[in-house]
Amino acid sequence: MISRANKILFSVLLLACVIMAAVLIRLRNRAQDRLQAEATVAPESIAEGTASAPTQVTLYVPNDLDGTLTAVPRSLALPADRNAQARVLLEKLVEAFGAPGSTHAMSVVSGINEVYFLPVAQAAGQTSSGAQEAVVDLSGALAAAQPSGIEPETLTLLAMMATLHANLPAVTEVHFLVDGQPKDTLAGHADLTRTYLASEANPEPVESGAAQ
Amino acid sequence: MALLVAAGSACAQTAPLPALPAPPVQPVQAKFTVVLDAAHGGSDLGARLQGDVLEKDITLTLAMRLGTVLRGQGIDVVTTRTSDANLTPEKRADTANAALSAACVVIHATATGSGVHLYTSALNPAARQALQPWATAQAAYVTQSLKLEAEIDTALAHAQIPVTLGRASVAPMDNMTCPTVAVEVAPLVGGHVTEGREITDGGYQKSVVDALAAALESWRNDWKQ
């Protein structure tokens with residue numbers, strides 16, 4: 001038989017549990033609301049080096065169905081370091097490839113190991129123009145996730161070249177490595193042995209006589 | 001040291017008359033020959049397409065079907081491979097260049113996009129020389145390659161097959177001394193006027209092959225211009 005004192009104690013403990021649960025749920029909802037509000041208001045910040053104020057950048061996202069590149073404006077807080085800026089831009093581009101509804105679908109977590117810059121070689125007697133060659137070190141994970149084909153591979157390279165040139169105009173040439181090593185092709189088709197001119201990445205749609 | 005490709009070996013056999021100026025370099029033989037290069041093969045599987053279908057098998061199927069149709073039209077055809085063989089890009093270009101052909105069609109397949117993707121070399125056009133640098137041999141043929149691409153584009157449009165045009169660096173196109181177009185066949189995504197079809201669909205393959213054959217027949221009349 002349960003004593004009256006035990007019944008009272010049990011009731012008090014049960015009441016305390018209910019009150020604590022209600023408080024915890026309320027605190028959790030408040031925290032969730034706060035995080036959602038921050039994500040909506042604040043631009044994407046980059047946890048690398050000293051991030052500057054958010055700036056407008058342009059990512060060139062490919063469309064596999066018509067072979068075009070589409071300019072997508074984004075607000076990013078880029079790091080001060082130029083190499084890191086280039087890497088962040090390309091990482092954001094690769095993220096766009098993996099976004100739901102992407103027109104250039106690719107599932108890769110991290111695609112860019114590093115981006116290096118070299119001065120473009122000038123002919124003897126010419127002064128430096130300030131033009132730079134970007135050496136983009138792609139991750140092996142990106143090469144493995146890249147859909148194989150002339151079009152999908154070429155579009156990936158063109159999108160990176162166009163994005164780099166649009167946001168860092170001094171970049172006029174681009175060379176690609178995979179995990180720090182030269183590789184013949186990206187995924188069996190697009191040539192990675194050559195240095196590309198950034199001007200080859202023409203974001204204008206190519207007209208065709210075919211019906212869509 | 002750069003390798004060089006002899007683009008006009010035939011001209012060495014015919015000495016010009018003493019009273020006449022030397023004839024221009026004739027880069028291709030008078031007979032209309034088409035080279036079909038089925039990409040990949042052997043241990044080079046190419047792309048994995050729908051299910052377990054491999055790109056190397058689709059390209060070979062398309063090349064063999066196109067070769068049969070072209071021969072039926074009385075066109076000489078040279079193929080870089082007729083079986084599941086491992087060929088280097090250099091060997092493919094060598095076979096194509098030795099044929100002194102009027103058109104080289106490099107056949108690929110992919111699982112992404114829709115319709116047919118046509119690619120020509122990304123090299124800038126350059127003047128034709130007696131000896132072409134191996135790495136940029138296609139530069140002297142880029143203008144003709146673009147014309148051939150336009151013929152194929154038109155024929156595919158007639159067949160209601162969507163086309164994407166582009167320039168790309170894909171081996172062995174840059175080493176070829178002939179008008180060269182890479183034809184990459186993708187599945188047909190259904191749209192307003194098109195019905196969705198898989199790349200393994202025999203009817204779809206026939207539509208593509210027939211359009212390519214029609215384009216090459218048309219090129220037979222235009223290639224010397």
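In what order do the elements of chain A run from the N terminus on? The order is α-β-β-β-α-β-β-α-α-β-β, and the secondary structure of this chain comes to four helices and seven strands. Helices (H or I, at least four residues) and strands (E, at least two) are DSSP runs, numbered from the N terminus. The model is predicted: local features need pLDDT of at least 70, side-chain atom pairs count only at pLDDT 80 or more, and totals for chains, interfaces and linings use all residues. Residues are numbered from 1 along each chain as its sequence is written, while chains are lettered from A and ligands numbered from 1 in the order in which they are written.

Of the 212 residues in chain A, 33% are buried. A residue is termed buried if 20 or more other C-beta atoms lie within 10 Å of its own, exposed if 12 or fewer, and partly exposed in between, with C-beta atoms placed from the backbone. Two residues are in contact if their C-beta atoms, placed from the backbone, lie within 7 Å. Among contacts in chain A between residues at least 6 apart in sequence, 68% join residues at least 24 apart.

Two packed helices are described by the angle between their axes and the distance between the axes. In chain A, the axes of helix 2 (residues 82-97) and helix 4 (residues 150-167) come within 10 Å and cross at roughly 135°. Axes are lines fitted to C-alpha atoms, for helices over the stretch in contact, and angles run from 0 to 180 degrees between N-to-C directions. Helix 2 and helix 4 of chain A are therefore oblique to each other; angles under 35 degrees count as roughly parallel, over 145 as roughly antiparallel, 65 to 115 as roughly perpendicular and the rest as oblique. Helix 2 of chain A contributes A:Ala86, A:Leu89, A:Leu90 and A:Leu93 to the contact, and helix 4 of chain A contributes A:Ala159, A:Met160, A:Thr163, A:Leu164 and A:Asn167. By class, this contact has seven nonpolar, two polar and no charged residues, where Ala, Val, Leu, Ile, Met, Phe, Trp, Tyr, Cys and Pro count as nonpolar, Asp, Glu, Lys and Arg as charged, and the others, Gly among them, as polar.

A:Asp184 is found in the loop between strand 6 (171-178) and strand 7 (196-197) of chain A. With 12 C-beta neighbours inside 10 Å, A:Asp184 counts as exposed. Leaving aside neighbours within four places in sequence, A:Asp184 is in contact with A:Leu192 and A:Thr193.

In chain B, the buried residues of helix 3 include B:Val142, B:Leu148, B:Ile152 and B:Leu156. Among the elements covering the buried residues of this helix are strand 4 (103-109), strand 5 (116-121) and helix 4 (202-222) of chain B.

Most residues other than glycine have a negative phi, and most peptide bonds are trans. Just after helix 3 of chain B, B:Gln160 takes a positive phi of about 60°; B:Gln160 is partly exposed, with 16 other C-beta atoms within 10 Å. B:Leu100, in the loop between helix 2 (89-98) and strand 4 of chain B, has a positive phi of about 45°. B:Leu100 is buried, with 21 other C-beta atoms within 10 Å. The peptide bond from B:Ala171 to B:Pro172 is cis, with omega near 0°, and B:Pro172 lies in the loop between strand 7 and strand 8 of chain B.
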